[in-house]
Amino acid sequence: MADEIPQTDVMERLTQSGSQGVLRFLTCGSVDDGKSTLIGRLLYDSKLLFEDQINVLERDSRKHGTAGDEIDFALLLDGLEAEREQGITIDVAYRFFATEKRKFVVADTPGHEQYTRNMATGASTADVAVMMIDARKGVLIQTLRHTYIARMMGIRHIVLAINKMDLVEHSRGRFHEIVADYLRSADALGFESITPIPMSARYGDNVTKRSESMVWYVGPTLIEHLEELDIDSDIQNEAFRMPVQWVNRPNLNFRGYSGTIVSGSVKPGDAVVVAGSGQAAKIDRIVTADGDVDEAVAGDAVTLVLTREIDISRGDVIAAADARPEVTGQFAAEILWMSEDSLLPGRSYLLKIGTATTPATVSALKHRVDVNTYEKKPSRQLEMNGIGYCNMSTARPIAFDPYHRIRDMGAFILIDRFTNQTVGAGMIEFGLRRASNIHHHAMDVTKSDRARIKGQKPAILWFTGLSGAGKSTVANLVESKLSQAGHHTYSLDGDNIRHGLNRDLGFTDGDRVENVRRIGEVGKLFVDSGLIVTCSFISPFRAERQMVRELVDDGEFIEVFIDAPLEVCIERDPKGLYKKAQAGEIKNFTGFDSPYEVPESPELHIETANLSAEEAADKVIAELKRMGRLG
Amino acid sequence: MTIDSSEQIGAYAARFDAGRSSRARPLSAHLRRLEAESIHIMREVAAEFSNPVMLYSIGKDSAVMLHLALKAFYPSRLPFPLQHVDSTFKFREMIAFRDAMTTALGLELRVEINEDGRVRGINPFDHGSQLHTQVMKTEALRNAMTRHGYDAAFGGARRDEEKSRAKERIFSFRDNNHGWDPKNQRPELWRNYNTKIKQGESIRVFPLSNWTELDIWQYILEEDIPIVPLYFAAERPVVERDGQLIMVDDDRLPLKPGETPTVKQVRFRTLGCYPLTGAVESGASNLGEIVLEMLTARTSERSGRLIDHDEAGSMEKKKREGYF
């Protein structure tokens, strides 16, 4: 660098601005309450808009604006074309501004109910929620919903921004009426602070400058409040936790574990354990590219080197030895559902918590929360934007702490296993004791012992396909042929399951999922007893077939796709069901008004349109032999 | 490339061999938080994807992104290559800087040029900035993504740059045509990123999402990161065109009637294709002066980017088609 003169001055100046650190807040509330206008106003008044941005804004205001000849600040934020056309905000926008005291990150989140998930997204990283209320309309359902989500996501501070005061003649009475109304619902949620401020975002009243029209209000302006609000958390005083992201192994002489510390602090010499295995070691070094450090705290991204080699990989949590997280596969959590396909108890999703990902199911939906009244209501499934309390069950145990104590140790997302969409957000409340009390008893006689006596390899032959495709007919023939060849078999189908074990279940999506889950568990027991079990069920959803596959060992689940075109099935209609469906007598009939998800890579794909049942069964047997399952 | 610049790059590379800080004072608190967030994002990608890449565009944001990556995986080497999309109209100093940096740091650099476009002679003068960008940048990038089968690509975009960027996720899903569907973005909560994709799909990852332009400069200053000398004021030949100062970087720039290059003291706030990037008159010849200038600037950095002015919503449109 050429001249060294002004650098220190510049540094001073930079460090001064934002001396209070960063505050992240989100604006939420109902449509048209003026969220985008408020943020536009903050950017404008804090002189953060550049001339060319103001020029574009003025041009756009004339073209799309709803503020007459004045600048429409909302256009500044509504960045996507669809939003500008519809005049609504459909996605979270992040904005940045700074005053002399603080730097701010604002998440502008949508008001419409169908975008509630975006509000939760904004809330998940925010310290404060600014809840917008239109003074003319008062507290709306959406206000209560957003307040609940803010609390659920762990936001501790609320600013109640009662906006458009100019349209209610700056009435002090109206202001207090709305505040009282809001507190009736929100008080019980236990926020650390709720600060009501009367304002007119369009004119900047009580946003950055004190309102001359509301001299009765003596509290801070919005910006004063946000500058001074104490948001220090005690996360650094919690127990030490670091989920391992990446094993850092440049050569044979170095083995470090890279990750972000999510709570507490750590020093060389500290005793730690791997939460899952309980293996212990001490911290040898804390490595960064700027050299080793003496201490690292929550929020730091570091690489830890331990005093001895233990087995650690991505997904493990390194934790303080004297204050360990809970490790279990059963826990209670609050879930926000974000997908158009409802949450179905029993269906398998991928759960990602910290750096660990594992299949998981909701084992029980205890109740959903009515966000209008905050009441608990019974429910069998959770719709989009629904919030529910669930018992969760994971395929592998996970290490966690309650969400309200250590956010990153209790927050998880649920991912649909076929669309890969993020469909749910969950917050763990506590582990379930019953899981830790039911230990697997090690039996003396094992699956392989039982199978050996029968001289066979146990398996589930899973016949899936449309009604009328020929599943039961083919499965029946296959079982006969296996039996004649001396194999020990059993067969599960609609008749012996639906009339007994599952007679409490109907044909909704939720019941179909539970139906297959129970069949899978029964099938697993039969496999454990050494049998070859044939199962013929429509089983329309990939997720459930995958779930059954994962219940048994590799190679033991053999998916047989009995494939016939819908027209052929309708023509065959062996049970007269298609006729009933056409007449509207049966609802949710697969292939008709309920979807069938075709197997993506079945072990066997049998097209039955031009085969006799005998030929199809022979083909299955031949394939099983080729796969070595009958040897 | 000046001798000063080469020396600085050499010294910079040596820092990562030795693993010692060059700072006299600790990093500012808010930059430390941003740095940790970016490092966290990069490690997630390295751990969860099988064929990631870093898109390196040579500018200041790329310089910061590369610096963060070197820190994230230290003492290991970068677990992914750098990919540059060369429109063939980059400033010559950019290309020289790119080669010096990647050589000194021992990085794997891949360069993609749309040969079809080059043969057809696509250029911003005869075909306009839109077509030039579409063919030489967007298509070239898509070609590179397909050719190498990348499943994740880091980009240096920031949310404070442009309105449609402000709404993009940090992990931004792309379908198997590399397209972006702004209405169907995955919810992104906490720092819990969904990395699941199917064969042929990919994720664009923006580790600098929450940085502002000022943060970038402050970080470059505090961390002493080498940047292309074009960011510093110097006497350069320019012509004034449509209110912008365009540098005459080589003899391919056709002069319009009445245009004569004049030498002015200028620098660049943003770097791209030289015919499409406006210079500003400035005397800021070191980082401190640049930051001071930033603090009093009245126009945004993208005002020097001609492609953003083409039409309303132009950035969103480009992104849907696969542009960064």
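A: Two strands pair if DSSP finds at least two bridges between them; strands (E, at least two residues) and helices (H or I, at least four) are DSSP runs, numbered from the N terminus. This is a predicted model, where local features need pLDDT of at least 70 and side-chain atom pairs count only at pLDDT 80 or more, while totals for chains, interfaces and linings use all residues. Residues are numbered from 1 along each chain as its sequence is written, with chains lettered from A and ligands numbered from 1 in the order in which they are written.

Okay, the sheet. Five strands of chain A make an open sheet in the order β24-β25-β23-β26-β27, paired in parallel. At its edges are β24 (489–493) and β27 (604–607) of chain A, each pairing on one side only. From one strand to the next, the twist averages 20 degrees (axes are lines fitted to C-alpha atoms, for helices over the stretch in contact, and angles run from 0 to 180 degrees between N-to-C directions). Zoom in on one pair: β24(A) runs parallel to β25 (residues 532–536) of chain A, with five bridges between them. Leu492(A), for instance, has Cys535(A) in β25(A) as its bridge partner.

Now the helices. α13(A) lies across β23 (459–464), β24, β25 and β26 (557–563) of chain A, at about 165 degrees to β25(A). Helix α19 (residues 613–626) of chain A also packs on the sheet, where α19 touches β26 and β27 of chain A and makes about 165 degrees with the direction of β27(A).

Stay with α13(A), which spans residues 471–484 and includes Lys471(A). Lys471(A) counts as buried because 28 other C-beta atoms lie within 10 Å (20 or more within 10 Å is buried, 12 or fewer exposed, in between partly exposed, with C-beta atoms placed from the backbone). Skipping neighbours within four places in sequence, Lys471(A) contacts Phe463(A), Gly465(A), Ser536(A) and Ile562(A) (contact: C-beta atoms, placed from the backbone, within 7 Å). Leaving out residues up to four places away in sequence, Ser472(A) touches Asp493(A) and Ser536(A).

One last thing from the records: an unreviewed UniProt entry lists a "binding site" that includes Gly465(A), Lys471(A) and Ser472(A) (positions are in the numbering used here, feature names are shortened, and annotations may be inferred rather than shown by experiment).

Notes:
Contact = placed C-beta atoms within 7 Å.
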